[in-house]
Amino acid sequence: MSDTEGEGGGDEKTEKDQSWIPKIIKKRVCATFVEDSFSNGRLCQCGGTRDTHESVALGDYFSTAIVSHWDSSQHSSAYPTDAFGELEFAGASKRHSKFLRLSCDTPPSIIYTLMTVHWGLPPPNLVVSVVSGEGRAKVKTWVREVLRQGLVKASQSTGAWILTGGLREGVGRCVGEAVRDHATAASSVSLNKVVALGIAPWGLVHNRQQLVNPQGSFPARYYFQNTSLDSCCLDNNYQAFLLVDDGSVGRRGGEAGFRARLEDYISHQRTGIWGSGSIDIPVLCMLISGETTMLERLDLSLRNSMPWLVLAGSGGVADLVSDVLESLSSAPPVLSSTEGEGEAGPSVDLKDRVAERVRKHFPSETEMDKLVERVLSIYLNRDLITVYHGEQEGPDDFDTVLLKALVGASKQRVSGEASPYTEELKLAVTWNRVDIAKSELFNGDIHWKYQDLEDSMTDALVNDKPQFVRLFTENGLNILDYLTYGRLESLYRSVADSSLAYVLLQRRLGERQGMTGSQAMLLDVSSAKGSGGPPGGRWPVSRVLEDLMGDVCQPFYHSPLGLEIISSQRKSLRRVSKLLRGDCVYRKKRCLFPWASLFVWAVLQNRNNMAVFFWEMAGESVLSALSGCKILRELSKLESQTETKLAMKELAQRFENLAHDVFSKCYQSSESRSFTLLIRKSPVWGGTTCLKMGMAADARLFFSHDGVQSLLSQIWWGDMKRSTEVWKLLLTFFCPVLMYTQLISFRELEEPGKPDEVAQGRDNDSTSNTPPKRPFVVSRWRQFWFAPVTSFLGNVLMYFLFLLLFAYVLLVDFKPPPPRGPAIAECVLYFWVFTIVCEEIRETFLVGSMMWRQRMRKYVQDVWNKCDLIAIILFIIGLTCRMFQWSYEFGRAVLCVDYMVFTLHLIHIFAIHKQLGPKIIIVGKMMKDIFFFLFFLGVWLMAYGVANQALLYSYDPRPAWIFRRVFYRPYLHIFGQVPVEEIDVGKEWDMECTDNVTLIEGGAEPCRSQYANWLVIILLVIYLLVTNILLINLLIAMFSYTFSKVQGQSDTYWKFQRYNLIVEYHSRPSLAPPFIILSHVHLFIKRYIRKVPSVKILHFVLELTGKAANRLMTWEAIQKENFLTAQSKIQRGSDSERLKRMSVKVDSVLKQMAETRDHDRRLRALESELEYCSSALSWIVEALSQSNMVKPTRPPPTLRGTSQYTVNFSKFIK
């Protein structure tokens, strides 16, 4: 039922969207009956009978008497079209085709917009218009193969439209069957699907009355003759039909004029998304067979510079044109002037030769002179015609034939200053045929200039063709010269309006306009792709990236706009608006990091291959991959379409895998440099580090790498060796003198995480300062107490003491309100909590360089920070309430609950443990399963509890007892506490009860209802069956699934969460609460009075410049290249790649064999010519020898030598 309603709703929407069609598009109806002299007055020259004409058309006898020829423009009238909508072929397929009846004089611009916008046909990269002869003519077998294996296959690889008559006859039927076969064999997700478009005369279509509906048909059910014989029925293999109506019935050729105008209009439209391609849509007419009437169409089209491809050997006009072009190729084209024209015309000899060819192919034609003039006119435009010998060459390389035919024609239209190969390159880019470009254009024979590749590079970027982008960058295109800030903005303007990036950019642009009151867009969008294009300026892009990246890095693209020193958003908006009112000089500047900018642009649009290529070209490969992972995972949270969201998640995981694999190469090469790589501050990605970006991107796989964990362990243990036992630390914690003994081993004094060149040489322009050398006693003291592991142990010990003190106060020493309380222990507890609050404030507001709003947002995002916040708030509420007599008990209850919250914090503390940490993660995952279990349990509790209470007690107004018996008692049933004597009235119950309503309202126990007590027992049985067996086992099964699922990845999760805990204790002072207040005072004096910078921050952030930064980036780039080389070797060794290489070799062999056959054909032709010449010479010699006119001075040569030469030559050929 729902499906039917959904389909009906879709049909109503489609009908509403196309209701404007009859108002604009018309049909043609014969308005004047012009008698056909061969029908004895029954038929009009339009083809219709006298009965089908209206009285107006029959009434004007005087005008019809003087008219001898029926003309559509004069003798037909326009009316609103009555046939349009969707077409369903009965018994053929479920796919609906679009159709429209239109007048022959309809503007093609309206029809093209209708097809691409309203019908949803993809804009073509190529249009092939197949022109053939009479529909019932038999199509040769090799022509069918050319159409099936050549034309349709090439069109599928280029995303083409194929225009034919669209009827089930002749060439149109062959094209339809070929499209059907390729659509069946091709993948359902193929990007380049062939669009077969049928343009047929309305009056010729069989069963056309089934399509008539003035309101439109959605769909119209069309019955056709599904027989092996040709007919004038519409072919169900076409996606759309344009039924051209000139008012005639049963006549062919009425659609030719409209079809020619449509082809000419399409040839002036741009290719690509939003017409962003570098060339106009190429249109190629393909001539197969044909009658002499096709010569006029061919001549007019050539005069409009329309290229043609002629299939030689297909018969009719195609054979005539190919014969004329091949036989007269050496003849001079112009020698004399034609009458009435100032242009040069053909010679008399040329006309005779053309007439001879015309008589050869069409001996029965009467208007021979007119045909000769047509053929001569066609011959003068022979540069636009390409002859294809399909029977000899085969259909394998038909796409290359199409390309060369279009290139040959385009070379006649391009200026002399343009490169002769530029048009061929643009066509290859439009069709996304990088194989043709490599073999024909980038084979080393052509020297490409930057200007030749610039437009094609933009086309490849906008239309997502990464293979061409790679090809251009490898063959002379300098990305530094190409990518300016203005061009980058134009690339952002090309973002498709259906993408999420477009929505985000528009939202940020609207925010800027709203805050500044300016209606001027960041860029002139209309100059790029119309008013519907998205903003491409730096400010919206910067704001979108800031939303996606969060607080991980500094804002992007602020430097070109001069916003790096402005922290206020409102001031930045005013600065941007002021800048945009000027000349925007920054747009002409080169982009500072071109590959990284293109990488972000591709990632925002979720372009898989393009983003991976830009990642390969960009520097800082590990951080770039993590940044792409972060952006994609944030976009996936905002994306609503399931398939797009899944694609984003897959690409994000791919980038995380790339970051992990490249870092593995780096870690294998050098451990110290890989540590520096993790903590190095990046100038490209807003001053962030790999560790910070990996944490923000939720890159668990990356954090599980041994190299990352090794660095974290090194930072965790400080200058102590990682093999130190915990009991030694605890012993030294209580007896600090032991740190000066050999009990604890320390590493050499070296700043952790720095590479060799940073640790040894100081001439590397590094901005990190060398710590001052201190005495042994001081340095060893700092080495022990400043280690995060020492701070952690101290906090754990003191936290246990805090919980013991808290428990002692609640259980033993909780005094009444003042003046008798609180006790000394309770005051110590209050001071202890105060120091904890001070530490939370320090961590939130005094660590880092972010704005206070960003810090608050980051603090609240952490679950354990929320737990601490709840504990502190509850403690403050309990402390306040316990000071007053009226709220003393409430305050004590709040503090009891608060103790539970403080105790739960131990889970977070012990998450650092290698064994407990993964188990804690598993418990956290199982908590989500409990919520689902509680939902189902709550449903059954509510259902059973209410029914049980209502059946047992007819009246009980006590709310407390209602709640207990509806929820609490059924909950206890699960654990076996079933009060049978209370539920079963057959059992004795020793409680006093009454049925008096007054007593019951006064608080007395109501008696049980005797009626339907059997139903209570049944409900109890069902309830226990569902809860104790079904739901409990469901919970166990969910726990088992969660455990088995998380167990394998729990170690990865633990390693990922370990980073946050290490960072937390790394930034904490050495002393734990309550003694931490001393550290707070010391830090305040040191940081804000003495202005001494922190040295510990270098453990997680290291800024390198100059030679050290260049050496590190070069080393990382080398490791990335090694990784890509290894991956390429693995890929080349796969079976699929081997099959591809074998296929290329086989294609090359087949091509050489085809060339060999062509040489053999030419040599055979040469042999026949030589035999003819030999015979002619023999005849001449014999004639002269028998003649008396010439007296030879010597005897004639013998025929044996000539024959022997011919025989030897024949043997050589064979």
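**Figure 1. The disulfide of the predicted model.** In this predicted model, the count of disulfides comes to one. The bond joins C993 to C1007, with an S to S distance of 2.2 Å. The two cysteines lie 14 residues apart and link distant parts of the chain. C993 sits in the loop between helix 45 (980–983) and helix 46 (997–1002), whereas C1007 occupies the loop between helix 46 and helix 47 (1013–1047). The disulfide is right-handed, because the torsion about the S-S bond of C993 and C1007 is about 90°.

Figure 2. C867 counts as buried at 15% relative accessibility, and C881 counts as buried at 14%.

**Figure 3. The crossing of helix 39 and helix 49.** The axes of helix 39 (residues 824–845) and helix 49 (residues 1076–1089) come within 9 Å and cross at roughly 40°. This angle makes helix 39 oblique to helix 49. The crossing of helix 39 past helix 49 is left-handed.

**Figure 4. Residues in the contact between helix 39 and helix 49.** Helix 39 contributes F831, F834, T835, C838, E839 and R842 to the contact. From helix 49, the contact is made by I1076, I1077, H1080 and L1083. By class, the contact of helix 39 with helix 49 comprises six nonpolar, two polar and two charged residues.

Definitions and conventions: Residues are numbered from 1 along each chain as its sequence is written. This is a predicted model: local features need pLDDT of at least 70, side-chain atom pairs count only at pLDDT 80 or more; totals for chains, interfaces and linings use all residues. Side-chain values use heavy atoms; hydrogens and water are left out. A disulfide is a pair of cysteine sulfur atoms within 2.5 Å. Helices (H or I, at least four residues) and strands (E, at least two) are DSSP runs, numbered from the N terminus. Buried means under 20% relative accessible area, exposed over 50%, partly exposed in between (1.4 Å probe, protein chains only). Axes are lines fitted to C-alpha atoms, for helices over the stretch in contact, and angles run from 0 to 180 degrees between N-to-C directions. Angles under 35 degrees count as roughly parallel, over 145 as roughly antiparallel, 65 to 115 as roughly perpendicular and the rest as oblique. A crossing is left-handed if the near helix is turned anticlockwise from the far one by less than a right angle, and right-handed if clockwise. Contact means heavy atoms within 4.5 Å. Ala, Val, Leu, Ile, Met, Phe, Trp, Tyr, Cys and Pro count as nonpolar, Asp, Glu, Lys and Arg as charged, and the others, Gly among them, as polar.
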